[in-house]
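Please walk through this model with the structure open beside the text.

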Amino acid sequence: MAENDVLSGSEERVSGAKVLARALAAQNVQYMFGVVGIPVTEIALAAQELGIRYIGMRNEQAASYAASAVGYLTGRPGVCLVVSGPGLIHALGGMANANINCWPLIVIGGSSERNQETMGAFQEFPQVEACRLYSKFSARPSSIEAIPSVIEKAVRISIYGRPGACYVDVPAEFVTFQVNGNSINYKECCLPPPVSMAESSAVCLAVSVIRSAKQPLLVIGKGAAYAHAEGSIRKLVEQCKLPFLPTPMGKGVVPDNHLNCVGAARSRALQLADVIVLFGARLNWILHFGLPPRYQPDVKFIQIDICAEELGNNVKPAVTLLGDINAVTKQELASKTSLPMNYYTVFYHVQEQLPKDCFVVSEGANTMDIGRTVLQNYLPRHRLDAGTFGTMGVGLGFAIAAALVAKDRSPGQRVVCVEGDSAFGFSGMEMETICRYNLPIIVLVVNNNGIYQGVDADTWKKMVEFQDAATVAPPMCLLPNSHYEQVMTAFGGKGYFVQTPEELQKSLKQALEDTANPSLINILIEPQSTRKAQDFHWLTRSNM
């Protein structure tokens, strides 16, 4: 039936069963599981007529489990249709499971006729009251005309906030009784759950705690899977080189075979971590309640959850982030890329655009060391760096050689030379050579104003204002914010000065698209940026 037919009434008289089916269809319910019988058989038939798929099960318990799994897998609740009394009681296990698992589920139960209540009616049972313990919402429509409103509310409540089970009770006389179709006001499909974000100050605090961690660990729960946060969490893992541990149903959010997965060392990872970030994972029995001896007594927890009541259960967290897992993770990513950029931010965005067949030439202290862990090679003999002798100044000569070989043997292959600002200084005048022979090399200068580390422009200005630089300037410092891109433009190549991820993405895209001219992208980063002290060696050290 077309959507307009579902939402508008008709001249004909319609039964309560058809009203219920149309109300479900209007809410985009697609699956119904159940065991039919008095008084719900007509509901199943009406649902099928509207294209809702009905799967007849052999037991209501299995039917409720199946309907809840549909809710988890699709984000839209499945319906479990049951008869009154024992039929509903059999479904309570699935309702409880869905509520505890935080999966959307709608249970629709037939019930005895209202005019026979308290008289010992067939399968009479206080169904609405019984279901309140196992659901987020339990109600009986006051009339057939009220059914669409109650169904819309049940579907909405099942998916809004922390998902869970909802129960709608349908008295037997409602199923077959007919009313004027014009009296029914079908509700439009409820909007998708609103996406909430955490407070900016809390996100900044969380990022600060993670940055200061020596042995961080991400724990990925099924809440992250339900939120479809796989893309943003994987970016966070890879951009920041963070180890992660999935809970049983958080597996696959980031693939189990990912290099950063520490599932094989689960107990040790939990026990030695100093900061643990929980992505939709609860500190229940599965995670040993977050308590020693499974954890360090002073471990800091950062909790990310859609449910405020979950925050602070069993342990006092260092930071709480209330909001949608996917949205909050993106907030963290945005905060991680706050200005000035660091090495990891730069290399993350470079790696996203690098052709898989390009030559990567790399030299510098932190630039080469960090770059080799992030920038990927897919072909042999396509990476050139300081090598066994650890020689600085080789980068531009290597890049020129690679460009000549590529031009002769594999036209179209690009050469990307990644230089620290100090390393660039050894051979910077080779820009003239590159331009003279019109070699389309892309030179990236990762500029932190120094050798290993530098200082920012304001600090430099204050430092040399009253004293000679040779006396006060740290030996590793170079002149802040030097415009190395102008060396390239001086000889006719293209130069870019970038300070943000967006500028880096745009300039690198333009450089890669220009296959005829050399380019230099001067990338300004945090002067104190250095290698993260976050590696996985802490998982293999002894406890001595």
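The structure holds 0 disulfides, a disulfide being a pair of cysteine sulfur atoms within 2.5 Å. This is a predicted model, in which local features need pLDDT of at least 70 and side-chain atom pairs count only at pLDDT 80 or more, while totals for chains, interfaces and linings use all residues. Residues are numbered from 1 along each chain as its sequence is written, and side-chain values use heavy atoms, with hydrogens and water left out.

Take cysteine 131. Cysteine 131 is buried, at a relative accessible area of 0%. Here buried means under 20% relative accessible area, exposed means over 50%, and partly exposed lies in between (1.4 Å probe, protein chains only).

**Salt bridges**

Now turn to the charged side chains. A salt bridge is a side-chain nitrogen of Lys or Arg within 4 Å of a carboxyl oxygen of Asp or Glu. By this rule the count comes to 13 salt bridges.

One of them joins arginine 114 to glutamate 173, with the closest N and O atoms 2.7 Å apart. This pair links distant parts of the chain, 59 residues apart. Arginine 114 sits in the loop between β5 (105-111) and α6 (127-132), and glutamate 173 in helix α8 (residues 172-176). Helices (H or I, at least four residues) and strands (E, at least two) are DSSP runs, numbered from the N terminus. Both partners are partly exposed: arginine 114 has a relative accessible area of 36%, and glutamate 173 has 22%.

Next comes the pair of aspartate 169 and arginine 140, whose side chains meet in a salt bridge (2.9 Å, N to O). Aspartate 169 lies in strand β7 (residues 165-171) and arginine 140 in the loop between β6 (137-139) and α7 (147-159), so the bridge ties together parts that are 29 residues apart in sequence. Arginine 140 counts as partly exposed, at 30%. The pair also belongs to a network of salt bridges that links Glu117, Arg140 and Asp169.

The side chains of glutamate 238 and arginine 234 meet in a salt bridge (2.9 Å, N to O). Both residues lie in helix α11 (residues 230-240), 4 residues apart, about one turn of the helix. Glutamate 238 is partly exposed at 28%, and arginine 234 is partly exposed at 34%.

**A helix pair**

Look now at helix α4 (residues 60-74) and helix α5 (residues 86-101). Their axes come within 7 Å and cross at roughly 30°. Axes are lines fitted to C-alpha atoms, for helices over the stretch in contact, and angles run from 0 to 180 degrees between N-to-C directions.

Which residues of α4 and α5 meet? From α4 come Glu60, Gln61, Ser64, Tyr65 and Ser68. From α5 come Gly87, His90, Ala91, Gly93, Gly94, Met95, Asn97 and Ala98. Contact means heavy atoms within 4.5 Å.

**A buried serine**

Serine 362 is in strand β14 (residues 359-363). It is buried, with a relative accessible area of 1%. Leaving aside neighbours within four places in sequence, serine 362 is in contact with several residues, among them Thr367, Arg383, Asp385 and Val418.

**Backbone details**

Two peptide bonds deserve a look. The bond from isoleucine 38 to proline 39 is cis, with omega near 10°. Proline 39 lies in the loop between β2 (31-34) and α3 (41-49). The bond from proline 292 to proline 293 is also cis, with omega near 5°. Proline 293 is in the loop between β11 (275-279) and β12 (300-305).

Histidine 288 is in the loop between β11 and β12. It has a positive phi of about 55°, although it is not a glycine. Histidine 288 is buried, at 18%. Asparagine 314 has a phi near 75°, again positive in a residue other than glycine. It is found in the loop between β12 and β13 (319-322), and it is partly exposed at 47%.
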